[in-house]
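Here are my notes for you to read next to the model. Keep the viewer open and look up each residue as you go.

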Amino acid sequence: MALKEEFEEYAAKAKTLPDCSNENLLIIYSLYKQATIGDVNTARPGMFSPKERAKWDAWKSVEGKSTEEAMNDYITKVKQLLEEAGVSA
């Protein structure tokens, strides 16, 4: 299976994850954005938007990763979260 197809498969599976911590949600969000868009391309949200600011900071933390590296890390993280939840990957 090609990497992009596997990535899209796990992106769909990520939507079915049971309750995840905010930390894990930010990790998969940042890796997804890096894999699909690349480096951060917007200004950092202001302090009155804490949720958007946290998402931006998470994405910024993976800046510089290649698309392939971000896709692989995303797949690995979603697999880990599915296993922890007792859902078959």
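**Notes on the core, the helices and the pocket**

1. Start at Leu-17. Leaving out residues up to four places away in sequence, Leu-17 touches Ile-28, Leu-81 and Leu-82. Contact here means heavy atoms within 4.5 Å.

2. A quick word on where this comes from. This is a predicted model, so local features need pLDDT of at least 70 and side-chain atom pairs count only at pLDDT 80 or more, while totals for chains, interfaces and linings use all residues. Residues are numbered from 1 along each chain as its sequence is written, and side-chain values use heavy atoms, with hydrogens and water left out.

3. Now the core. The largest nonpolar core has 19 residues, and Leu-17 and Ile-28 are among those with the most contacts inside it, along with Phe-7, Tyr-10, Ala-14, Tyr-74 and Val-78. A nonpolar core is a set of buried Ala, Val, Leu, Ile, Met, Phe, Trp, Tyr and Cys residues joined through side-chain atoms within 4.5 Å. Buried means under 20% relative accessible area, exposed means over 50%, and partly exposed lies in between (1.4 Å probe, protein chains only). As background, nonpolar side chains tend to be buried together in soluble globular proteins.

4. Which helix gives the most to this core? It is H4, with seven residues. H1, H2, H3 and H4 (67-84) each supply at least two. Helices are DSSP runs (H or I, at least four residues), numbered from the N terminus.

5. Stay with H4 for a moment. Its 18 residues should span 26 Å at 1.5 Å a residue, and this agrees with its end C-alpha atoms, which are 26 Å apart. The expected span is 1.5 Å times one less than the number of residues. Buried in H4 are Ala-70, Met-71, Tyr-74, Ile-75, Lys-77, Val-78, Leu-81 and Leu-82, and what covers them includes H1 and H2. Just after the helix, Gly-86 takes a positive phi of about 80 degrees.

6. Not counting residues up to four places away in sequence, Asp-73 touches Leu-31 and Lys-65. Asp-73 and Glu-6 are 67 residues apart in sequence, with their C-alpha atoms 12 Å apart in space. Lys-79 is also in H4, and at 29% relative accessible area Lys-79 is partly exposed. Between the C-alpha atoms of Lys-79 and Cys-20 there are 13 Å, and along the chain 59 residues.

7. On to H2. For its 15 residues, 1.5 Å a residue gives a span of 21 Å, and the end C-alpha atoms are 21 Å apart, which agrees. Asn-24, Ile-28, Ser-30, Leu-31, Lys-33, Gln-34 and Ala-35 are buried in H2, and the buried residues of this helix pack against H1, H3 and H4. Just after H2 comes Gly-38, with a positive phi of about 105 degrees.

8. Leaving aside neighbours within four places in sequence, Gln-34 is in contact with Asp-39, Trp-59, Val-62, Glu-63, Gly-64, Lys-65 and Ala-70.

9. The largest pocket has a volume of about 330 Å³. Of the 13 residues that line this pocket, the closest to its centre are Leu-25, Leu-26, Ile-28, Tyr-29 and Lys-55. Helices H1 (3-14), H2 (22-36) and H3 (50-61) are the elements that give two or more residues to the lining, and the largest share, six residues, comes from H2. By type, the lining has nine nonpolar residues, one polar and three charged.

10. Some terms for point 9. On a 1 Å grid over the protein atoms alone, a pocket is an open set of points where a 1.4 Å probe fits, with protein on both sides within 12 Å along at least five of seven lines, and lining residues have an atom within 4 Å of a point. Points are joined across faces, edges and corners, and the volume is the space filled by probe spheres set on them. Ala, Val, Leu, Ile, Met, Phe, Trp, Tyr, Cys and Pro count as nonpolar, Asp, Glu, Lys and Arg as charged, and the others, Gly among them, as polar.
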